[in-house]
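This report goes through selected features of one protein model, heading by heading. Please keep the sequence and the structure open while reading.

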Amino acid sequence: MKKIFKVLGYLLGVLVILIICGVAFVNFTFPKVSPAQDLTIDHSPDRVARGAYLANHVTVCVDCHSERDFSLLSGPIQPGTLGSGGDRFDQSMGFPGVFYAKNITPFGISDYTDGELYRLITTGVTNEGRAMFPLMPYQFYSKMAPEDIYDIIAYLRTLEPIENEIPESKADFPVSIILKTIPKDADPQPKPAKTDQVAYGKYLTNAAACMECHSPVDPQGTILAGLEYSGGREFAFPDGSMVRSANLTQDQQSGIGTWSEDMFVGKFKQYLDSGYQLPKVQPGEFNTIMPWVMYAGMEESDLKAIYAYLKTIDPISNQVVKFTPSSTSE
């Protein structure tokens, strides 16, 4: 019996050594991405204007990197906080750690070169070589045309600097190790011509990372293969209420299969109507994290292109319960 325990002890020791070596290997060799480019981006008015359009109405970078007022429907941006960061995403919201949206005004990104910012946005690797948790959907941004990313960077450089020191994010173990293996070099794709409406709509849908929110995920946050765009991803509010993303597939019962182009575009544009005011929302009442006001500023032709692409997605039946109030508010 002593001999058996002795052998088991040796095996356990070997296993521990292998685990330590494995963790050390990942720590010292990952993330594996190329060095940042030597890049200088001009701040021409056209580039900055295009970057402002993308960052505010398509990629909506300012959605997470500003303070939002969830006392109103869809949480519009609090005045004076554009790009200042600070939003916290933690275990209470289903995240494997505590993560903060960074300050992306010039105050927060002054120590980044343009090349380092491009690498950060498209690979999730900081200028210190750390891998970010993919809360920012850099896997989607990595497929955008470089010029569009350059435009966004040029725009961010022109934001009003806001002094706001953000705490460091920290992932729980073992995600803290796993996330180092996720980043890879960007795979930029050419931007299709607007005349190719479906292809251009696919490009915009990727830039907006629609799939990221409108797909169910496993406990690690990985999109479930074969269920893309079928909705149902859960997002918790601080009071415990739960909102779930809509099914964007062409299913006629649970998706948007019966929607016309006018209905789709109108759903967004209603938030720009001069007579529309965002309703007040009390804790426990229905709210949504969908930044409707920001997306409402998208060009109508771009919304129509997204609609054209979504029409090509096969129907998936997934009846989503849109909102569940917390037990304390029922």
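Is Ile 121 buried or exposed? The model is a predicted one, and in it Ile 121 has a relative accessible area of 11%. Buried means under 20%, so Ile 121 is buried.

Ile 121 belongs to helix α5, which covers residues 114-123. Setting aside neighbours within four places in sequence, the residues in contact with Ile 121 are Met 136, Tyr 138, Tyr 141, Ile 149 and Ile 153. Val 58 lies 63 residues from Ile 121 along the chain, and the C-alpha atoms of these two residues are separated by 15 Å.

## Helix α9 against helix α13

Two packed helices are described by an angle between their axes and a distance between those axes. For helix α9 (residues 197-207) and helix α13 (residues 300-310), the angle is about 100° and the axes are 7 Å apart. Angles of 65 to 115 degrees count as roughly perpendicular, and α9 and α13 are therefore roughly perpendicular to each other.

On the α9 side, the contact is made by Gln 197, Val 198, Tyr 200, Gly 201, Lys 202, Leu 204 and Thr 205. These meet Asp 302, Lys 304, Ala 305, Ile 306, Ala 308 and Tyr 309 in α13. Sorted by class, the contact of α9 with α13 has 7 nonpolar, 3 polar and 3 charged residues.

## Burial of α9

Which residues of α9 are buried? They are Tyr 200, Gly 201, Tyr 203, Leu 204, Thr 205, Asn 206 and Ala 207. The cover over the buried residues of α9 includes α13, together with α2 (45-57), α6 (138-141), α7 (146-157) and α10 (210-213). Just after α9, Ala 209 has a positive phi of about 55°.

## Cysteines

How many disulfides does the structure hold? The number is 0. A disulfide needs two cysteine sulfur atoms within 2.5 Å. For Cys 61, the closest cysteine sulfur is in Cys 64, at 9.4 Å, which is too far for a bond. For Cys 210, the closest cysteine sulfur is in Cys 213, at 8.6 Å, again too far for a bond.

Cys 61 counts as buried, at 14% relative accessibility. Cys 210 is buried too, with a relative accessible area of 17%.

## Aromatic pairs

The structure holds 14 aromatic pairs. One of them joins Tyr 271 and Tyr 276, with 5.2 Å from centre to centre and 80° between the planes. Planes over 60 degrees apart count as edge-to-face, so the pair of Tyr 271 and Tyr 276 is edge-to-face.

The two partners fall into separate accessibility classes: Tyr 271 is buried at 11% relative accessibility, whereas Tyr 276 is partly exposed, with a relative accessible area of 28%. Both rings belong to a cluster linked by ring pairs, which also takes in Phe 264, Phe 268, Trp 292, Tyr 295 and Tyr 307.

## Gln 253 in a loop

Where is Gln 253 placed? Gln 253 sits in the loop between β5 (242-244) and α11 (261-269). With 64% relative accessibility, Gln 253 counts as exposed. Gln 319 is 66 residues away from Gln 253 along the chain, yet the C-alpha atoms of Gln 253 and Gln 319 are separated by 7.7 Å.

Note on methods:
Residues numbered from 1 in each chain as written. Predicted model: local features only at pLDDT ≥ 70, side-chain atom pairs only at ≥ 80, totals over all residues. Heavy atoms only, no water. Axes fitted to C-alpha atoms, helices over the stretch in contact; angles between N-to-C directions. Helix = DSSP H or I, 4+ residues; strand = E, 2+ residues; numbered from the N terminus. Parallel < 35°, antiparallel > 145°, perpendicular 65-115°, else oblique. Contact = heavy atoms within 4.5 Å. Nonpolar A, V, L, I, M, F, W, Y, C, P; charged D, E, K, R; others polar. Buried < 20%, exposed > 50% of the residue type's maximum accessible area, 1.4 Å probe, protein only. Phe/Tyr/Trp six-rings, centres within 6.5 Å; stacked < 30°, edge-to-face > 60°.
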